[in-house]
Amino acid sequence: MRTIRIQTDAFDVSAEIAALAGGQTDIGAIVSFSGHVRADEGLTQLKLEHYPGMTEREIARHIDEAERRWPLMGASVIHRIGVLRPGDAIVLVATASRHRQAAFSAAEFLMDYLKTRAPFWKEETRGTCTAWVQGRESDTVQAKRWE
Amino acid sequence: MRLLYFAWVRQKIGRSEETLALPQDVSSVADLAHWLARRGEGYAGAFADLSRLRAAVNQEHVGFDAPLGADDEVAFFPPVTGG
């Protein structure tokens, strides 16, 4: 089972995990990661945009790659766009496998690539100031370890 | 060809997309960026420093040396910041 969704609405982690499990009895491990908006340095709002079409293709390509590397039985990637506030969940990555190691590794792999390859952009608001978030070198370094 | 702009590239140019015929003498993404930079103030600002930009052709990340065809979809944007 594969889910790729870009949406403005909030997601329900429990419902997504249940959908990923899908009643299968051979899945032994589901790992889920959700990223949340931090109120760093007075951040009041994040606004996200993406490149419709390319985003879904990039994510699908990376799930394909994760499936080549690990024995996955399913993966879900849900990313929100639009206006988000501190405390809001922004992204969900969930992976299913027979055993936990593959699920943990694949979830981390997908998250690292989401940060450095998926075409999303964040604009931060602090009070009346807005600024585009700069790409972080630490994220690029993090993603390179999978090469 | 179809051109798409995202984030501050879109803001500087003042539009999110446009369609134009592949200009003569433009055969790579870098050629196109330099050609666009001469179209006006907003474009000049957006394309002033290509090291701050990334590009995609037909929805795949490419380098600025990538070749272009007449029907390509080309996107210019800053480094991505999702997740």
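**Exercises on chain B and its partner**

With 83 residues, chain B would have a radius of gyration near 12 Å if it were a compact globule, and its value of 12 Å agrees. The radius is taken over C-alpha atoms, and the globule rule is 2.2 Å times the number of residues to the power 0.38. This is a predicted model, in which local features need pLDDT of at least 70, side-chain atom pairs count only at pLDDT 80 or more, and totals for chains, interfaces and linings use all residues. Residues are numbered from 1 along each chain as its sequence is written.

**Exercise 1.** Find what percentage of the residues in chain B is buried.

Step 1. Buried means under 20% relative accessible area (1.4 Å probe, protein chains only).
Step 2. Of the 83 residues in chain B, 49% are buried.

**Exercise 2.** Describe how chain A meets chain B.

Step 1. Count contacts, meaning heavy atoms within 4.5 Å.
Step 2. Here 26 residues of chain A touch 20 residues of chain B by that rule.
Step 3. Buried area is the accessible area (1.4 Å probe) that two parts lose on being put together, summed over both.
Step 4. The two chains bury about 1,900 Å² between them, with 54% of it on carbon and sulfur atoms.
Step 5. Y51(A), W121(A) and W132(A) supply 34% of the area that chain A buries against chain B, more than any other three residues.

Technical notes: Chains are lettered from A and ligands numbered from 1 in the order in which they are written. Side-chain values use heavy atoms; hydrogens and water are left out. Buried means under 20% relative accessible area, exposed over 50%, partly exposed in between (1.4 Å probe, protein chains only).
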